[in-house]
Amino acid sequence: MKGNFAKTLISGVALAVGVGLATVAIPAQAATLRMAWSQDATGLDPHKQTAFSSIRLLELIYEPLVRLDGNLQIAPGVAESWQFSPDGKQLTFKLNAKAKFQNGAAVTSADVKASFQRILDQATGAVARANFLSIASIDTPDANTVVFNLSQPDVPLLTAMTSLNAAVVPASEITAGTIGTKAIGSGPFKLDSWVPNSKEVLSANKDWAGGATGVDGINISVLPDETAILASLRTGQIDFALLNDPLVATLVPKEPKLQLTRTPILSYNVLQLNPSRKPMDQLVVRQAISCAIDRKDVMDTAALGEGKVTGPLTMPLYATDPSALFCYTRDVAKAKKLMADAGFANGFSATVIAATGEPPTATAEAQVIQSQLAEIGIKLDIKVMELNVYVDTWLKGNFDMAVALNGGSADPYSMYNRYWTKTGNLQKVANYIDDTLDSLMQKGRAETDPAKRKEIFAEFEKHLAEVSPWIWLYTAYGYTAEQKNVEGFVPTPTGSLFGLSKVSIK
């Protein structure tokens, strides 16, 4: 199945590109980057977005206090400096005095305080709320100083603050209730117009504290078919494109006028089980599913082998050899025995949901998993949803199984506490918690010794793989394709497009 399925997909992509399928003419504009991607944003509220397509757009408009650079090191954002107190219970930021919102107002400590109060307000529904529960109070001694007073030492807090979901927004817009209907940030570009599922027009923020951008603006076209994006790149109608589909990305190096940027990323492809639903509430059933999955076959078939089999921890500092984790070598005989032990020797039926386009490999992954689980009697129905419908369903935890692409982080706690702690605000998505996971997360959060933190999270990863609420599959690559006269883009393992702030067209 694997060879024929992959061959069919490649042939179809090559044929579509060869005939220049659905090219879209975009008028050239001086110093304007003509860009395309296949998935549009699903919303404009930086504190509530989970879809990668939304985050990629909003990180050009909004800024967090700090950000991660290409080496996963903390770098300035709205803040120019930061320092923990000796006891680890205070975190002080000095803001860049030049930082301004795109409405001309200065970014002040009052905006930072209001932003984090909004994130912490349960009524907001902020997706990263669980990362900031150690914040007991916030002081603003002057317009450029913010002091976070913590209930306990919180080592990963600074890393959590690098997320777009922790963006600083104007206090005036919070009061006006316009967050999500207007996009006013302090980032390198401002949003001039947005036609959902069609196009975005951005112009350079001349007041950006980070300095002059390399282009005067970015015109983004939403082209759902990535073969159309590649065709438009070939004909020079697009300068820069974000590609998600390895079937298309692997064709770019064959084009003499184009260049491909290929970067390992921290996000992970995963089969999420719902342990709140029978029979997946039984440990042995979940373990049977884990043993029945050939992760490398899923990756090789759906993604042409463009990636690496992974355990839960994808960040370089904490990642371990996944072959040592529970049932990472496929064992169908063991899976069948576990199913029989659970009283399901004849299997059961379930539905798996997948989103169109995010990732593009989702349907193919679901098909491979469907075939593999059929060998132990599980009859899997695949339900493909539009991205906005999928995200809503996913956030409600309304599924038996879900094929997902979830974001990574440089720190295990900020990556997983919203799922795998008792106070996690995405517990409804995880639908599983136990005392061991919660305890290990809390220990890792407070521990300051790097070697001990690594031991704690290695134990966390081992236990998570054993209880198998989710089946981690693989990490992939982030791809951008650009004309050879486009220079200066620096990719990061987070998949961020913030590097477009320094891109120029020669």
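**A loop serine and a disulfide**

Ser 151 lies in the loop between strand 7 (145-150) and helix 4 (157-160); helices (H or I, at least four residues) and strands (E, at least two) are DSSP runs, numbered from the N terminus. The model is a predicted one, in which local features need pLDDT of at least 70 and side-chain atom pairs count only at pLDDT 80 or more, while totals for chains, interfaces and linings use all residues. Residues are numbered from 1 along each chain as its sequence is written, and side-chain values use heavy atoms, with hydrogens and water left out.

Ser 151 has a relative accessible area of 47% and is therefore partly exposed, a class between buried (under 20%) and exposed (over 50%), computed with a 1.4 Å probe on protein chains only. Leaving aside residues up to four places away in sequence, Ser 151 touches Lys 89, Leu 133, Ser 134 and Ala 136, where contact means heavy atoms within 4.5 Å.

Elsewhere, the structure holds one disulfide, defined as a pair of cysteine sulfur atoms within 2.5 Å. The disulfide joins Cys 291 to Cys 327, with an S to S distance of 1.9 Å. This pair links distant parts of the chain, 36 residues apart: Cys 291 is in helix 8 (residues 283-292), and Cys 327 is in the loop between strand 13 (308-309) and helix 10 (332-341). The link of Cys 291 and Cys 327 is right-handed, with 105° about the S-S bond. Both Cys 291 and Cys 327 are buried.
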